[in-house]
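Here is my note for anyone opening this one for the first time. I have kept it to numbered points, each worth checking against the viewer.

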Amino acid sequence: MSELKIYKRSRTAWTPVSYTANETATIIAVAAGDLVLACFARVRVAFDGTSPDISIGDGSSVNRFMTTTNVGVTATGLKRGTGAGFTETLGYLYTAADTIDITFTAATGSPTVGTIDVWCYIAKIDPH
């Protein structure tokens, strides 16, 4: 009998290297056969400046799990992923190893703060 196990994988207190430069950063590694069921983010400290954006996805789709509208980094709070990976299926299945990434689009002005936590619930099939 197969068993579905769900694991939480997370990145805590992520901040960009520079608040004034665009950046893509790996936050979670995924393997072939991983099924991403849900992603959440918590903006701990609101990002300042004008129009900073964060999306969460992978190399094929930067907003697969969370779009910039979902994340809304200028306000603190819990955000639920509603990106393309969740719109028509019950999750996104990886058929090859990849990474889940944060794509940060820098704010203008002189931004100096912002911190975000990200966690994803990922299932694997255990054939034992």
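1. Start with burial: 41% of the 128 residues of the protein count as buried. Keep in mind as you look around that this is a predicted model.

2. Next, the fold in outline. The protein has 1 helix and 8 strands. Read from the N terminus, the order of the elements is β-β-β-β-α-β-β-β-β. The radius of gyration is 15 Å, close to the 14 Å that the globule rule gives for 128 residues, so the protein is as compact as a globular protein of that length. As for its dimensions, the C-alpha trace spans about 55 × 25 × 25 Å along the principal axes.

3. Now for the rings, and how many aromatic pairs does the structure hold? The count is 7. In one of them, Phe40 and Trp119 are stacked, with 6.1 Å centre to centre and 25 degrees between the planes. Phe40 sits in strand E3 (residues 35-45) and Trp119 in strand E8 (residues 115-126), so to speak a link between distant parts of the chain, 79 residues apart.

4. Phe40 has another ring partner. With Tyr121 it makes an edge-to-face pair, at 6.2 Å centre to centre and 80 degrees between the planes. Because Phe40 lies in strand E3 and Tyr121 in strand E8, this pair ties together parts that are 81 residues apart in sequence.

5. Elsewhere, look for one aromatic cluster formed by Trp14, Tyr19, Phe47 and Phe104.

6. Asp117 deserves a click. This residue is in strand E8, and its relative accessibility is 4%, so it counts as buried, the cut-off being under 20%. What does Asp117 touch, leaving aside neighbours within four places in sequence? The contacts are Arg11, Thr12, Ala13, Phe40, Ala41, Arg42 and Arg44. Thr89 is 28 residues from Asp117 along the chain, and the C-alpha atoms of the two are separated by 25 Å.

7. Compare that with Leu78. Its place is strand E5 (residues 77-80). Leu78 and Asp117 are 39 residues apart along the chain, with 9.4 Å between their C-alpha atoms. Leu78 is exposed, with a relative accessible area of 57%. Not counting residues up to four places away in sequence, Leu78 touches Phe40, Ala41, Arg42 and Trp119.

8. Two backbone spots to check. Most residues other than glycine have a negative phi. Ala13, in strand E1 (residues 3-14), has a positive phi near 55 degrees. Ala13 is partly exposed, with a relative accessible area of 38%. Ser51 also has a positive phi, about 60 degrees, although it is not a glycine. You will find Ser51 in the loop between E3 and strand E4 (53-57), and at 52% relative accessibility Ser51 counts as exposed.

9. Last stop, Thr15. This residue is in the loop between E1 and strand E2 (23-30), and at 33% relative accessibility Thr15 counts as partly exposed. Which residues does Thr15 contact, leaving aside its neighbours within four places in sequence? They are Gly114 and Thr115. Thr15 and Ile116 are 101 residues apart along the chain, while their C-alpha atoms are separated by 6.8 Å.

Key. Residues are numbered from 1 along each chain as its sequence is written. This is a predicted model: local features need pLDDT of at least 70, side-chain atom pairs count only at pLDDT 80 or more; totals for chains, interfaces and linings use all residues. Side-chain values use heavy atoms; hydrogens and water are left out. Helices (H or I, at least four residues) and strands (E, at least two) are DSSP runs, numbered from the N terminus. The radius of gyration is taken over C-alpha atoms; the globule rule is 2.2 Å times the number of residues to the power 0.38. Buried means under 20% relative accessible area, exposed over 50%, partly exposed in between (1.4 Å probe, protein chains only). Rings of Phe, Tyr and Trp (its six-membered ring) pair if their centres lie within 6.5 Å; planes under 30 degrees apart count as stacked, over 60 as edge-to-face and the rest as tilted. Contact means heavy atoms within 4.5 Å.
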